[in-house]
Amino acid sequence: MWSRVLPRKTYVRLFLYACMAVCVLTLAFTMYLSRLFVQSTMNEIDASNRDKMQQVVQTSEFTLQKLRQFALRVYSEENIALWLNMTPDRYSPLSLYKAAASVREFVNSEPFIQSISLFNFKMNQIYASSDAGLYTVQDYFDPAMVDAIQSEGTTPYLQFFDHAVQGKSYLALVVPAAAGPNRNYSGYVSILFSKPLLNEHMLQISGRDQNKLIVENADRAFILGNADAELASALAKAERPASDAPSRKWTGGGGTWSIQTAELPIEGWKAYLLSPISAWQAKIDRIRFDIIAASVVLVFALLLFLYWQSYRRLKPISDLTARLQSKLGPEEPTAQAGNAGNEIAWLDSRFDTLVGRLEQQDLSLKSSKALIKDDLLRQWILGSKASGPAAHYIRHQTGILRAGTFRIAVIRLESYGRFAEDYDFASRKLLRYALGNLMAEVLANHDFAAETVDFGSDHIVALIAASAADEESRVLEAMKDVRAQIKRWLKLDLQAAVGPALGEGANLQPVYDRVYELTLLAFLCDEDRVFTMDDLERYRAEEGSGPDERLLKQAIHAVRLRNADALASELDSLTRHMHGLGYEECKLQLTHIIYSIMKSFKNAGTLQGMKSIHAFLGRFSTIGEVKAWLLQELLQMMDRERPRSGSARKEEFVSEMVEFVRNHLHNPMLSVDDIAEHVNLSVNYVRQIFKERYALSLSDYITDQRIKYAIHLLTTTDWTVADITEQSGFQTKSTFFSLFKRATGMTPGQYRQEQAKPER
């Protein structure tokens, strides 16, 4: 029944089979790709959320610990401590003035602080920085804070807690912690921190973020985050999983969420990052629809292409069957040849016969004198000199020594590495066989007796019977013709070289090595001709010169500055001297250049994907090709780096620079170059964006920070000036004294004495 429905034409039948196969495979692949995309997307979202949660935890622990230390500094500050411990009999209005000034300085120095309040219960006084007012305990506007301090166990030691004042919620910290009726302190400092600023900078929450971040305290009460109270309450009431899995799904609060959980162990808090699955699902469904629509269009285009190809390529199959039948001989069955439905089956049955005959011919070739000749010629070329059977065969069975002397010629296929990637071993062997035959035939047309040898690599060697110097021009013309004919018939580009005239007793191996090296000169000089030994000596003249490190650094800086013209100029300068180097030396220098660029730009995808730079260079034919490829890769890298120049990114770079300076302030060798290397930018660009942000140079900023740090050490420690000089990062004492006096008008010793004087 099925055979009656199928068309009799082979190309139509094969087209129908191809249509069904394409549709089924495309459908299966589309479904698999869609599912794989969805799974990969969800995994990426989870991984991104995990990374963000880990970063939030690290930032929060660091920030909160820093705020604790800041609170301790406030409490231990000399003027504040004096007022907190003051009694009515020792009261001094000046002490309150100094304490208030110190409080204002602390409030201005830390952006997270909303207000600082000082409690002196012995004097029944409270100072509040929010309005610079002085209150009694009874009329203080925040009685809840007074109760929290005076109640036992309400404010554990150096633990943050949620606190509301006049309808606004803050994160509060009391130093020292309240200790109930047995406390030994008369003075306390309470600090209120702004939750919006903590959410923005510590938890890294933006207003456009679809994700919700909830931080709960030990009592499961919402303390920080960008979620509304309803969502936080719903999560707090939700049943917790039995295991402590960091990731789970939860339905509630008006949607379905993917939740990442982490703990802040120092605080005893828990952080929850809620990612709305419904929002991601809509985007995923839209992309899935796009994939299916693109697959439908692709199937339609493939079907049109298949029909066109089947009509052009498969329609003559009946003629091909008839011709093969005539070639195979009358003993082959012919009864089914006219049946279009059995044309493929007939060809399949006859294929085994053809393969068998080819195998017989291959065995015959292996036992022939041609293979023996190739082996002997290889021994002669790779050995020190012709001896034994090789010498006998060469003298009596070949015409190599007919003219008394001979020459070695080599043709090398360009970009053989790329060719080897596209074709299997059998195809490469067949190609070299064709190259050798065509080379021998062209040389014979020029009246040269020649033998060709295949070394199983990217080149063919020819031993050409020729007389001495008067024959060199004829040999060069013949080799030019070899290149032209191979390009014409095999569509292949290759390089060729010819060695000097040699005698029977010559040592061929070093000559063969040098002639092969000649074919590599095109990589260095980009010339299209047949090379001779004079070229090798000429291009070896400058061998051993290394790449200019200064030019290499300038090229890297041009990439960082996104200056395409300067980059092209630097690459030209870097590669100009390589035209006079040997092939291996040139590859080594190019390898060094590319490796240096890879080290400077760690996020370069194409360069980082190389398994071996030195081997990769074998894919190119000339230095010009390598330079063009490298320029293209660096230009693409520059295009990918352009978004990094936005104002937000600049601010991020400047913050990273400031942090690096603070962390390395004690290093007297700290320089702008070190900072530029740390942020992976050019020195000039680092100076530019820093000056845009702070309106002073980076070097001046480093000096200014060192002076401020020295002032801090002078006023808070009893270290010697020499020790402070070293700790502040000044190289010499004289430099420290000069810069300090320029900034303060006093020497370090005078400044310390002035600060130590009691105020009147």
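Trainee: Which side chain does the side chain of Asp 535 join in a polar contact?

Mentor: This is a predicted model, in which local features need pLDDT of at least 70, side-chain atom pairs count only at pLDDT 80 or more, and totals for chains, interfaces and linings use all residues. Residues are numbered from 1 along each chain as its sequence is written, and side-chain values use heavy atoms, with hydrogens and water left out. A polar contact is a pair of N or O atoms within 3.5 Å, where within protein one must be able to donate a hydrogen and the other to accept it, and residues adjacent in sequence count only if both atoms are side-chain atoms. At 2.7 Å, the partner of the Asp 535 side chain is that of Arg 529.

Trainee: Is Asp 535 buried or exposed?

Mentor: Asp 535 lies in helix α18, residues 533–539, where helices (H or I, at least four residues) and strands (E, at least two) are DSSP runs numbered from the N terminus. Buried means under 20% relative accessible area, exposed over 50%, and partly exposed in between, with a 1.4 Å probe and protein chains only. Because its relative accessibility is 5%, Asp 535 counts as buried.

Trainee: Which residues does Asp 535 touch, not counting residues up to four places away in sequence?

Mentor: Contact means heavy atoms within 4.5 Å. By that criterion, and with the sequence neighbours up to four places away left out, the residues touched by Asp 535 are Leu 518, Leu 521, Arg 529 and Val 530.

Trainee: Why are α28 and α31 described as oblique to each other?

Mentor: Axes are lines fitted to C-alpha atoms, for helices over the stretch in contact, and angles run from 0 to 180 degrees between N-to-C directions. Angles under 35 degrees count as roughly parallel, over 145 as roughly antiparallel, 65 to 115 as roughly perpendicular and the rest as oblique. The axes of α28 (residues 698–716) and α31 (residues 748–756) come within 9 Å and cross at roughly 50°, and α28 and α31 are therefore oblique.

Trainee: Which residues of α28 and of α31 make the contact?

Mentor: On the α31 side, the contact is made by Pro 748, Tyr 751, Arg 752 and Gln 755. The α28 side contributes Ile 711, Leu 713, Leu 714 and Thr 715.

Trainee: How far apart in space are Leu 561 and Tyr 685, C-alpha to C-alpha?

Mentor: Leu 561 lies in the loop between α19 (549–560) and α20 (564–576), and it touches Ser 682 and Tyr 685, not counting residues up to four places away in sequence. Although Leu 561 and Tyr 685 are 124 residues apart in sequence, their C-alpha to C-alpha distance is 7.2 Å.
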